[in-house]
Each structure stands twice: as C-alpha cells, then as structure tokens.
Amino acid sequence: MSLRTLEHVIPSIAASDGAGVKLRRSLGASHELRLDPFLLLDEFFSDDPDDYLAGFPAHPHRGFETVTYMLDGHMQHQDHLGNQGDLGPGDVQWMTAARGIIHSEMPQQTAGRMRGFQLWLNLPATEKMKPASYRDIPSEQIPECPLEEGGKVRVIAGSYSNGERETVGPIDTGNTAPVYLDIHLTAGERFRGALPAEHNALVYSYDGEASIGGQDVPNRAAGILTLGSQVEIDAGPRGARLLLLAGRPLHEPVVQYGPFVMNSNAEIEQALADYRAGTLAG
C-alpha cells in the first residue's frame, strides 16, 4: 500500500462565466493549471440572486465532458437536440459533448442559495467526434456508503469500498475511468479509500476543515495528490465536506479555444468553422 500525500495546491480565483455568473475557478484558471484528464473545476456559490440569475445562455461545446453537481438550488438544462432536464439539490448531469452540443443552463429560482460544481473531463482523441449524449441522475439514484463514525460517501462515478461492501456509482465512462466521490466527515473522522494507482487525483474541500498526512487541505482550492494506491483524509473539529476526483490520464496533446477542446490547432479551426456553419453537432 502506498499512501497519497498532498503534492501542491491550486487556489481558486474569483471568475465569471456565462452571462456573468460569479464563481470560483481552480483547475482551468489558466491552461497550465490542469490535471490530466481534468480540464476545469468551477464552484458556484451565492445567496445573492444577482450573482447567478443571468445563468449560462446557449453556448457550444466540443471534445470533452461536463459534469454538473448541484448542492443547493435549481438549474434547468436545454440543448439543440430537444433535451431538457432539471437539476435540484444533490442531482448530477453528466454530459458528453463529444462532436458537439449547443446547450443552456439557466437558474429556475429568483432567490435563495445556488451552489454546486462543474467539472470538465477530457475525452480521448478516439472519442472526441462521437455523437453527443447526456444523462441526468436524480439525487435518489446516487448511492451513499455510510462510514463508521457517522459520515458518508456519495458515489457519483467509480466505486468506493468501506471494507464491508463496495458501492458503485451510476457513471462508468470511457477511457478515463473517472472516480467522483462527495465525502462528508464528522468532527475528527478519518476517510480511507483505495484509488487506481495510475490515476491522477485531487481533493476539493468545500466545507469544514480537512488534512492529508498532516497537511491542511485549503478550503475552496484544488489539492493535487501524489500517486499511490490509498488516500487518508482527516476531518477537523468542524467536520469536513470535500470532493475526491480521480481519472486515468490520457497523455495526449490538449489544444483549447474557449468551449472547444481538441488535440490540434487544425481541429480547433474546424470546430470554429463547423460552429459558424451550423454543423457543429452534425
């Protein structure tokens, strides 16, 4: 067994996206701040409707997947294929943009808290031009695994074993074999989990206090982990809530232009030409 430790931290910075939604961006704040296969991680969190009401009007994507995880609030997705889905607290949408999709994500509330995450997950070159698809996963379909001291693990993708049983998430996708866990720890509780040794991994602490190997995990920052087969996370006196994300690296060139992520400049130029011609999604 080799324990993962905290290698370095990517702080989140204030940013805005869509029509002016205020958020915090860690991965993806610049093209150098990525962790193969993860491209971007945004946290949106506000009690002020002026920070989120403008939403994310219709916009294109090509070449990757987006994962939207709602903690609080209500968001509606619509796309050019005629799909429509509503995301409420605890719900997930896993969208594979692949060849192309044009969609919107708009708040369905005028007051109250809006909080959640959006993760961008790269696709291998062999999958970038396959047809687009998406899946809405209601909160009640996301399995939870109880921990010994009162905490729990929500398993969105991949699997988690507490030593007695293995809990498998509803998403099992592609060559990156992602793991997406939402970990809730009580005060002083320790999480122990296995990860594929070849996967890159990070934690994102969004409530409370946590540490790995005696090193504090900064709140609202991406803590990049060393390689290894196990990870242990200790909660502080206020408990902790954090995401644990892992994925098999692709080791492929990444060329990004806004909402398009491909492997070469020529492919980006083609994506732009397809979008202008109205053929982005085939």
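Reader: What percentage of the 282 residues of the chain count as buried?

Author: In this predicted model, 53% of the 282 residues count as buried. The cut-off for that word is under 20% relative accessible area.

Reader: What share of the contacts in the chain with a separation of 6 or more comes from residues 24 or more positions apart?

Author: Such residues account for 72% of those contacts. A contact here means heavy atoms within 4.5 Å.

Reader: How much accessible surface does the chain have, and what part belongs to carbon and sulfur atoms?

Author: The surface comes to about 11700 Å². Carbon and sulfur atoms hold 49% of that.

Reader: What is the strand order in the open sheet of four strands?

Author: The order is β5-β10-β7-β8, with antiparallel pairing.

Reader: Why do β5 and β8 count as edges?

Author: β5 (56-61) and β8 (84-87) each have a single partner strand, so one side of each is left without a neighbour in the sheet. Neighbouring strands of this sheet are turned by 20 degrees against each other on average, direction ignored.

Reader: How do you know that β7 and β8 pair?

Author: Pairing needs at least two bridges. Four bridges join β7 (residues 75-79) to β8, so the pair qualifies. The two strands run antiparallel. Gln 76 stands opposite Asp 86 in β8.

Reader: What makes Ala 98 stand out, and is this residue buried or exposed?

Author: Ala 98 has a positive phi of about 45 degrees although it is not a glycine. Most residues other than glycine have a negative phi. Ala 98 sits in the loop between β9 (92-96) and β10 (101-107). Its relative accessible area is 0%, under the 20% limit, so Ala 98 is buried.

Reader: Why is Arg 220 called partly exposed?

Author: Arg 220 has 24% relative accessibility. Buried means under 20% and exposed over 50%, so 24% falls in between and Arg 220 counts as partly exposed. Its phi is also positive, near 60 degrees. Arg 220 lies in the loop between β20 (215-217) and β21 (221-225).

Reader: Which peptide bond is cis, with omega near 10 degrees?

Author: The bond from Asp 36 to Pro 37. Pro 37 is in the loop between β3 (21-25) and β4 (38-46).

Note on methods: Residues are numbered from 1 along each chain as its sequence is written. This is a predicted model: local features need pLDDT of at least 70, side-chain atom pairs count only at pLDDT 80 or more; totals for chains, interfaces and linings use all residues. Side-chain values use heavy atoms; hydrogens and water are left out. Axes are lines fitted to C-alpha atoms, for helices over the stretch in contact, and angles run from 0 to 180 degrees between N-to-C directions. Buried means under 20% relative accessible area, exposed over 50%, partly exposed in between (1.4 Å probe, protein chains only). Accessible areas come from the Shrake-Rupley method with a 1.4 Å probe; for residues, only the protein chains shown count as cover.
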